[in-house]
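Please take a moment to look over the sequence and the model together before reading on. The paragraphs below then go through the structure one region at a time.

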Amino acid sequence: MFVSKEHHPQVLPRESYFDPAIYQKEIDTILLPAWHCVAVMSELPRNGSFVTLDLFQRPIILWRNEDEVSAFLNVCSHRYAKLTCKSCGIAERLHCQYHGWEYDETGNVRKIPDAKTFRPLAQGMLGLKRFRVERCGELVFINLSEDGPSLQEFLGDKFQLYESWFSPEMHTAIVMTRKINANWKCLVENALESYHTTEVHPKTFGEAPDEKDCTHQLNDTWTSLFVDYSEERSFRATLDQIGHWLVGRQRDSSYEHILHYPNVMIARLSLYRWVECVIPVSPDQSLSVVRLMCHIGEKGQLRRLWNRSFISKWANDFLTQVGSEDAGILPHIQAGLAAADQPTGGLISTREERIFHFQNYIERASQTPGSDDANEVLPIRFSGNAT
């Protein structure tokens, strides 16, 4: 059942979806202090493995040393060139592609070609800028702020649950990145409601689940959807039964989707787990980065290789199709929001109440620290009767 009994108003003004000043304020007050899921350990498979990415106009390099992962600004402290333009690789030390400076796992300079020409140079004077990195199971998170809550505090009492969901036994089936011409909040809001599935996803999801099969939870820092699919009779359900038989696991006919504010979404099906991190690029462009893991059977089973191919391909095909369907509609949502005029309206249904909760969060969290508005405790607003 849904929490609300009546529809809600649109909380955020249309300008918040395209105005550059509002966008920059959201980056500074909401997104920079947050934790972002940027990798799974299978992307850093061995000692010395690295991957690079861009996060809020900051080039980042993740580098594995034994079981530890470090994150540095991918910029040399000598003349500010990017250390590497490679998307991934293996390195004993981080090596600058311009003049050959080298750095160790702490970010300290370990080698300077023709070092005598830089005298005097105090030890520890130069080094790479380092960012906070923490793990939850196989998930790797980064935080660009120097202080603030730990990852465990950010995920709260779900931290141990996610450790079990994203365990080393899970196989990484796909890492999918899409650039979508829409504001980052459009991507998040689209994932928070099932109202659009009948129209946008008729071949993948089909009809939206009945309210009696849905449960919403609305927390200060997260919201969730739980759906009971035990009564579903479809080709998709038959494939799911076959997959469970191949893997040798008992079928759990339920689905969970959780948004941790502001932009990390984690979901579970019986055989699958995935995490989506929405990364703003500009006021009207965003990245959707999805990492999906799946069960393929116990280690040592002969059919594990077959399962990896079958289960992974099915997940890959399904997720790619759903992503394409969403990517097709989101730019049109952005175009409607940015239109020079608007119709009378702006309603949020009870099925979409997670959007109302998210917009309330954005309104509160984007207040400038130290302002009178920021010091005022703003409750989540519900219209009509809410339980």
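**The cores and the elements around them**

Within the largest nonpolar core, which has 68 residues, Leu62 and Phe358 are the members that touch the most others. Apart from this core there is a second, separate one of 20 residues, and Cys214, Leu225, Tyr255 and Ile296 are among its members. It should be kept in mind throughout that this is a predicted model. When residues up to four places away in sequence are left aside, Phe358 touches Trp184, Lys185, Val188, Glu189, Leu192, Leu259, Tyr261 and Pro262.

The buried residues in α4 are Trp184, Lys185, Cys186, Leu187, Val188, Glu189 and Asn190.

Another helix pair deserves attention: α1 (residues 20-31) and α8 (residues 353-365) pack with their axes 10 Å apart and at an angle of about 90 degrees. Because angles from 65 to 115 degrees count as roughly perpendicular, that is the description that applies to α1 and α8. Where these helices meet, Glu26, Thr29 and Ile30 are the residues from α1, while Tyr361, Ile362 and Ala365 are those from α8.

Turning to the strands, β5 (residues 68-73) has five of its six residues buried, and it is therefore largely enclosed by the rest of the structure. Strand β4, residues 58-65, pairs with β5 in the antiparallel sense over six bridges, and in this pairing Ile60 has Leu73 of β5 as its bridge partner. Strand β5 is also joined by two bridges to β10 (residues 130-136), again in an antiparallel arrangement, with Arg130 in β10 as the bridge partner of Phe72.

The hairpin of β4 and β5 has two residues between the strands. Glu66, in the loop between β4 and β5, has a positive phi of about 60 degrees although it is not a glycine. Glu66 counts as exposed, because its relative accessibility is 57% and the cut-off for exposed is over 50%.

Strand β2 (residues 35-40) is mostly covered, with six of its six residues buried. Five bridges link β2 to strand β11 (residues 139-143) in the antiparallel sense, and in β11 it is Asn143 that stands opposite Trp35.

An open sheet is formed by three strands in the order β7-β8-β9, with antiparallel pairing. Its edge strands, β7 (94-95) and β9 (109-111), each pair on one side only. Strand β8, residues 102-103, is joined to β9 by two bridges, and the bridge partner of Tyr103 in β9 is Val109.

The loop between β9 and β10 contains Pro120, and the peptide bond that leads from Arg119 to Pro120 is cis, with omega near -5 degrees. Asp114 is also placed in the loop between β9 and β10, and Asp114 has a positive phi of about 55 degrees although it is not a glycine. With a relative accessible area of 43%, Asp114 is partly exposed.

A cis peptide bond is also found from Tyr261 to Pro262, where omega is near 10 degrees. Pro262 lies in the loop between β15 (254-260) and β16 (264-268), and both Tyr261 and Pro262 are among the residues that Phe358 touches.

Note on methods
Residues numbered from 1 in each chain as written. Predicted model: local features only at pLDDT ≥ 70, side-chain atom pairs only at ≥ 80, totals over all residues. Heavy atoms only, no water. Buried < 20%, exposed > 50% of the residue type's maximum accessible area, 1.4 Å probe, protein only. Helix = DSSP H or I, 4+ residues; strand = E, 2+ residues; numbered from the N terminus. Pairing = 2+ DSSP bridges. Core = buried A, V, L, I, M, F, W, Y, C linked by side-chain atoms within 4.5 Å. Contact = heavy atoms within 4.5 Å. Axes fitted to C-alpha atoms, helices over the stretch in contact; angles between N-to-C directions. Parallel < 35°, antiparallel > 145°, perpendicular 65-115°, else oblique.
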